[in-house]
Amino acid sequence: MIGQQPEAAPEPLPGRVAVLVVGAGFAGLATAIKLAGSGEQDFLVIERRAEVGGTWRDNTYPGAACDVPSQLYSFSFALNPDWPRSFSAQPEIQDYLRKVARDSGLLHRFRFGVEFEGASWDSDAELWRVETSAGPVTAQLLVSAAGALSEPKVPELAGLASFDGAVFHSAEWDHGQDLTGKRVAVIGTGASAIQIVPAIADRVARLQVYQRTAPWVLPRHDRAYRPLEKLAMHRIPGYQRLVRNVIYLAREATVPMFIAAPWIGSLVSRSATANINRAISDPVLRAKVQPHFALGCKRVLISNDWYPALTRDNVELITEPISHLTPNAIVTADATSRDVDVLIVATGFQATEQPIADLIKGRDGRTLGQAWSERGVQGYKGATVHGFPNLFFVIGPNTGLGHSSMVYMIESQVAYLVDAWRQMRRHGLATVEPTAAAEDAWNADLQRRMRRTVWSTGGCRSWYLDAHGRNVALWPRTTYLFRRLTASFDPGAYHLGARPGTAPPERPRPGASP
Ligand code: NAP
């Protein structure tokens, strides 16, 4: 099923388009659908892989599933009454995305197997010159919907190159490897690893799990929908939206735990500790899995089978740091050597320094990566960046969540960029670029708010933080507020460039601060 070709016409790239979208995951798909809905027909979505899906197409590891309920982890404009369970597994989400793409009737605007190789802003022509694996294309508006969790991060382990066994990252699962009866090692105990380990534990001979930091893991309240509920989703008008709204509000109600009242987290952590004690009786193992930071500082994980899997006779949780690899073993700092046939690297993604940033050159010829390494990863409303006219991000800086659905944030960001494009056309604007003042004010406010959050005070080091310890990944307020702040494009926060022969546009109102 994975790798199945969508119904894309194999047309060559046109030389120019009004809007070019990079990536065909949730973000790229929403952008295409909403652009078309606004009346724009001159756009193209390029995608390096063979079909839609993004992270849900790539992460095919055993046990892959979503930790946000499907009723909320889906588009508001494409509710799915057929979700089989409250939390869906990867194949169902991927099928959902395929169906949404098919039903949109827009697949002829997608080019699969086309890699984004770079883009430079041409100040004279006021457009982006984009290089792709299928040739060059120019675009007035460039939308990066490439995703924050798309580039696997592999640690630099001494001796890794000399290891003779199979090695692969959780996001690049090698389905050709039969793990049955093998000695398997998993590095990492994050969101991916805690799903992989229980899913493979019963078929491998030995499973070594290398843990650097014990995560907080809450019970997963997952269940199959009853036939009557499914019928109600199909037949009772408004019922499914009501269920979705209740889930949404319940998730929003947890925001204070992260941003203002960590004591709520300490109450919740009691339930997590009870989760440990229910599954594990061995005091040594209990102590190993007990987290030593405030709940919420890293992503809160949910699982009913992670702790039971660790108690299996063929599973060993190793907390001693990895020293190096030999051709057939992993050696830990205490000089213990454990033989390994297959090494699974579940060490996450290059989340804060998005690699696409190194491929985009702005107004002054510097890459976004260079700009961000100097002033820190930041944007205006997580969407636009000073020095990079007509570039919009979907899931840009500080738009991630620890508590709710990224699909909601994606829809907010798409509404913002579609409104920007609508206003550009209406007012004859050739360029929009956030002012340095608007961007700086937005980020100063964000970072001031960050100081009190559990992500800053919780005593952990997470991938939310960049090399300078700034949280550049998460949104520190409610998603409802984000939606209000991005409901319409705010030209007052932008340098606006008129098309030649067009009267300079008015600057209607100053940019809103967060
Ligand atoms: P992750 O959360 O970043 O976890 C990476 C794991 O690898 C951590 O346990 C980390 O330890 C460990 N690690 C990293 N480098 C290491 C090294 N050099 N040596 C030893 N251990 C090392 O990555 P992930 O599990 O792939 O998840 C990434 C994100 O994807 C999640 O936060 C979530 O947003 C998303 N995700 C979501 C779902 C879902 O259900 N919706 C499922 C999977 C993933 P430390 O904690 O010590 O850094």
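Is F110 buried or exposed, and what is its relative accessible area?

Modeller: F110 is buried, because its relative accessible area is 1%, and buried means under 20% (exposed is over 50%, partly exposed in between; 1.4 Å probe, protein chains only). Mind that this is a predicted model: local features need pLDDT of at least 70 and side-chain atom pairs pLDDT 80 or more, while totals for chains, interfaces and linings use all residues. Numbering runs from 1 along each chain as its sequence is written, and side-chain values use heavy atoms, leaving out hydrogens and water.

Now the ring pairs. Rings of Phe, Tyr and Trp (its six-membered ring) pair if their centres lie within 6.5 Å; planes under 30 degrees apart are stacked, over 60 edge-to-face, and the rest tilted. That rule gives 21 aromatic pairs. One of them is F26 with Y96, which counts as tilted because the planes sit at 35°, with the centres 6.4 Å apart. This pair ties together distant parts of the chain, with F26 in helix α1 (residues 26-37) and Y96 in helix α3 (residues 90-104), 70 residues apart; helices here are DSSP runs of H or I, at least four residues, numbered from the N terminus. Both F26 and Y96 are buried.

Back to your ring: F110 pairs with F112, stacked at 5.9 Å centre to centre with 15° between the planes. F112 counts as buried too, because its relative accessibility is 15%.

Elsewhere, ring pairs join Y380, F392, Y416, W442, W475, F482, F489 and Y494 into a cluster.

How values were computed. Helix = DSSP H or I, 4+ residues; strand = E, 2+ residues; numbered from the N terminus.
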